[in-house]
Amino acid sequence: MSKSISKHMLGLAVAQMGPIHLADTRESVVARMVALLREAKGRGAEMVVFPELALTTFFPRYWVEQLADADHYYEKSMPNQAVQPLFDEARRLSVGFYLGYAELTPQGHRYNASVLVDRSGHVTGKYRKIHLPGHADHKMNAPFQHLEKYYFEVGNLGFGVFEAMETRFGMCICNDRRWPETYRVMALQGAEVVLLGYNTPLVNIHWNEPAHLRTSTHLLVLRANAYENGVWVAAAAKCGAEDGHEMIGSSVIVAPSGEIVARTLTEEDEVICAMADLSLGEFFREHVFNFARHRRPEHYGLIVERTGAGEPLPVRWRDE
Ligand code: ING
């Protein structure tokens with residue numbers, strides 16, 4: 001038998017949010033988030049995950065001629081007056097949370113960001129989205145835009161892992177979840193739980209993708225990467241139709257076995273919660289995915305040497 005692994009239970013919740021319309025105020029959104037936080041606490045949560053860009057509508061679907069015309073979608077500081085009620089309630093309930101938001105720094109840099117807040121209401125980690133999907137140009141004939149490459153710079157903080165509640169948390173955002181490098185870099189830092197928010201449009205503007213694939217590929221990448229890295233994954237959607245623009249739900253909590261232990265049923269504000277046994281991840285990281293024993297980085301060079309695909313490497317199989 002393997003060495004005895006002590007149980008370490010973590011109350012993990014996802015606070016899925018329904019649509020945020022252009023007309024919705026931050027105050028009304030924060031009030032919804034406070035209600036979700038309270039429900040999560042009542043269900044045993046210690047850490048609650050909110051979505052990507054949780055304070056505003058998914059504004060990268062709209063073009064503006066001047067970036068400054070979008071400044072009102074960004075937070076100039078975190079926390080700030082509008083979100084302070086959420087931080088205050090979290091501290092009162094002694095619950096930590098992940099919050100996705102648009103960041104405008106004092107130096108004028110724009111990031112699709114998230115913060116990790118501990119149970120005393122202090123920001124204890126920060127992430128800036130690295131895999132920015134979509135485009136930077138105004139696609140005049142498209143039914144809507146996906147302008148993350150226009151509104152945000154590539155994150156400059158790497159894929160960090162942060163300690164809170166005797167747990168190692170990694171953070172990422174939406175499209176990051178589709179790239180295996182995201183989880184592997186965090187798992188190589190000992191991450192036990194990966195927290196992420198997402199806003200995933202139902203319609204693909206590039207090809208006539210069957211609608212069901214949006215959800216199946218979303219679940220596929222979360223399950224595969226949870227298993228391949230021996231981590232819990234908690235993913236929070238902002239979903240439903242924002243001013244008519246449909247986004248998928250299916251917020252989930254995924255175990256290190258790759259199994260979905262909780263999943264939302266609606267495309268509205270909804271809490272799911274699981275008592276995550278963090279020792280489960282240790283079994284996978286100790287055996288099948290024992291990185292130190294099984295990985296062979298000397299054969300993985302192309303993963304960091306090449307950005308796009310190139311020519312096959314010569315294989316000297318005739319030499320022996
Ligand atoms: N949204 C989408 C996501 O990665 C997307 C964009 C959807 C890219 C489907 C590729 C396929 O879920 C964000 N915000 O990244």
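A polar contact is a pair of N or O atoms within 3.5 Å. In this predicted model, a polar side-chain atom of Lys129 lies 3.1 Å from an oxygen atom of the ligand. The points below cover the ligand site, a strand hairpin and the aromatic pairs.

**Ligand site**
- The ligand has 13 residues around it, and those that come nearest are Glu148, Cys174, Asn175, Arg178 and Thr200.
- In the side chain of Glu148, an N or O atom is 2.8 Å from a nitrogen atom of the ligand.
- Asn175 has a polar side-chain atom 2.8 Å from an oxygen atom of the ligand.
- On its own the ligand has 360 Å² of accessible area, and the protein covers 83% of this.
- The shell around the ligand consists of six charged, four polar and three nonpolar residues.

**Hairpin**
- Strands S4 (residues 110-117) and S5 (residues 123-128) run antiparallel and are joined by five bridges.
- Val117 stands opposite Val123 in S5.
- Five residues lie between the two strands of this hairpin, and Gly121 in the turn has a positive phi of about 85°.

**Aromatic pairs**
- The structure holds 12 aromatic pairs.
- Phe59 and Phe152 form an edge-to-face pair, because their ring planes are at 65°, with the centres 5.8 Å apart.
- These two residues are 93 residues apart: Phe59 is in the loop between S2 and H2, Phe152 in the loop between H3 and S6.
- Both Phe59 and Phe152 are buried.
- Tyr127 and Phe159 are stacked, at 5.9 Å centre to centre and 20° between the planes.
- Tyr127 lies in strand S5 and Phe159 in the loop between H3 and S6, so this pair ties together parts 32 residues apart in sequence.
- Tyr127 and Phe159 are both buried.
- Phe59, Trp63, Tyr73, Tyr74, Tyr150, Tyr151 and Phe152 are linked into a cluster by ring pairs.

Methods: Residues numbered from 1 in each chain as written. Predicted model: local features only at pLDDT ≥ 70, side-chain atom pairs only at ≥ 80, totals over all residues. Heavy atoms only, no water. Near = heavy atom within 4 Å. Polar contact = N/O pair within 3.5 Å; in protein donor to acceptor, adjacent residues only side chain to side chain. Areas by Shrake-Rupley, 256 points an atom, 1.4 Å probe, with all protein chains shown as cover. Nonpolar A, V, L, I, M, F, W, Y, C, P; charged D, E, K, R; others polar. Pairing = 2+ DSSP bridges. Helix = DSSP H or I, 4+ residues; strand = E, 2+ residues; numbered from the N terminus. Phe/Tyr/Trp six-rings, centres within 6.5 Å; stacked < 30°, edge-to-face > 60°. Buried < 20%, exposed > 50% of the residue type's maximum accessible area, 1.4 Å probe, protein only.
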